[in-house]
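Me: I'd like to go through this model with you and ask what stands behind each label. Could you set the values against the definitions for me?

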Amino acid sequence: MVSRTARRLVADVPAIAAAHFEAESDPYHPEDNPKGYVNLGTAENRLVWDLLAPRLAQAGPPREPDCQYAPLHGTPELRAAIAALLSPRWNTAVDPADLVVVSGATAALDILATVLCDPGEAVVTPAPYYAAFETDLTGRSGARLLPAPMDEATGYALSPGVLDRVLGSARRDGVTVRALALTSPSNPIGHVYAPGVLRDVLRVAGEHDVDVIADEIYAHSVFGTAAFTSMLDPAVAGRHASRVHGVWGFAKDFGLPGLKAGVLYTRDPDVRAAARALAYFAPVSTQTQATLTRLIGDTAWVRDFLAESRRRLRRSYAATASLLARHGIPHVEASGGFSVWIDLRGRLRRHTAEGEHALWQEIFHAARVNILPGTVFGCPRPGWFRLCHATDAGTVAAGVTRLADVLGETR
């Protein structure tokens, strides 16, 4: 007999994970497996391995200290290197002591929700939201996720006013809200938020006395004309700075999701102490930490790598947007991240969640293309899908062509 928590976790495997592993079990290759799944559902940066491979090879064999116990919240060397990397991006002097290194951004989100919330309390998030928030923020903490639906007419632009109304409504209904969580740049839409909008979000959070979880895992993957501004920037956070908790990791900006290394940043000593204690259950191997320390220790290499990654993402997005336009598939303009938020409302036979699910299954099984439906992102209206483009251009082209073919048959 297993616990209720265990049964809930088993029954609630994130759709993004299930679809990824099914698609990757039979992957498309133009010559070796032309009928395989085209995976445009997984947000991985597969454009930069040629840059990473030689750099990682220079790490050399493991040394004796790399195979011994180390502080479970991160080695001093790695935390210092991450602080040096993130300080200019966040426009604040990051103290390495305020960083907790854990096994991925998922672990960081799980820890923050567990530290901030008791079971039954709530976390508000703009919708559409990152699909795994449902598991990451509630799976073990016992917290609830309260979506704040953004307006489809604005391309789901972030609205502080909507957040204010949802927070106020929750309070009137007797719901205890402990935190506001959002991705910046946004996932799945790819919006990069203006400083004024972020200031207003932080003002709303302060007025409702809630903490803020700022998931900025795409902070270095902004390729559009809008400049990235961190929610941790003192000019944005202001008096609320001690209650803004940052999340970042190596999975996106450095294209290394398999190394499972993320970081939680907080200036609140109580949150930090609790996060360090919970890091006991989600440590990163000492050897992996040593490898990452050496990887980002060369600041000139990091600067050039991130600049080239942004150039490749810009080209990839532009090419994908052009393909979608050619096939008559609308999308919301993106400025960051790896995905495109595409509009397939006109292809639904029924304008319901069930109709969206049916179209998703047809795309996945008939076209053998993995994209993800808006329902898994908490999208308030059916018919929107996330398509990830940060992979080989030929693979994206094959996927979009297959998608257009099956959509043509649904008309």
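Me: What distance separates the centres of domain 1 and domain 2?

Reply: The centres of domain 1 and domain 2, taken over C-alpha atoms, are 24 Å apart. Before we go on, this is a predicted model, where local features need pLDDT of at least 70 and side-chain atom pairs count only at pLDDT 80 or more, while totals for chains, interfaces and linings use all residues. Residues are numbered from 1 along each chain as its sequence is written, and side-chain values use heavy atoms, with hydrogens and water left out.

Me: Which residues make up each of the two domains?

Reply: Domain 1 takes 4-51 + 302-409, and domain 2 takes 63-298. These bounds come from an automatic or database domain assignment.

Me: How many residues does each domain bring to the contact?

Reply: Domain 1 brings 36 residues and domain 2 brings 36 residues, with contact meaning heavy atoms within 4.5 Å. The area buried between domain 1 and domain 2 is about 3100 Å², and carbon and sulfur atoms give 61% of that. Buried area is the accessible area (1.4 Å probe) that two parts lose on being put together, summed over both.

Me: Which element gives the most to the side of domain 1 that touches domain 2?

Reply: That is α12, with 8 residues. Helices (H or I, at least four residues) and strands (E, at least two) are DSSP runs, numbered from the N terminus.

Me: How do you know that the span of α12 is close to the expected one?

Reply: The expected span is 1.5 Å times one less than the number of residues. With 28 residues, α12 reaches 41 Å from its first C-alpha to its last, close to the expected 40 Å. D298 caps the N-terminal end of α12, with a side-chain oxygen 3.2 Å from the backbone nitrogen of A300. After α12 comes G328, whose phi is positive, near 70 degrees.

Me: Why does the salt bridge of R140 and D110 tie together parts that are apart in sequence?

Reply: The side chains of R140 and D110 meet at 2.5 Å, N to O. R140 lies in the loop between α6 and β4 and D110 in helix α5 (residues 105-116), so the pair links parts that are 30 residues apart in sequence.

Me: What is the omega of the cis peptide bond that joins A127 and P128?

Reply: Omega is about 5 degrees there, and P128 lies in the loop between β3 (122-127) and α6 (133-136). Another cis peptide bond joins S184 and P185, with omega about -5 degrees.

How values were computed. A polar contact is a pair of N or O atoms within 3.5 Å; within protein, one must be able to donate a hydrogen and the other to accept it, and residues adjacent in sequence count only if both atoms are side-chain atoms. A salt bridge is a side-chain nitrogen of Lys or Arg within 4 Å of a carboxyl oxygen of Asp or Glu.
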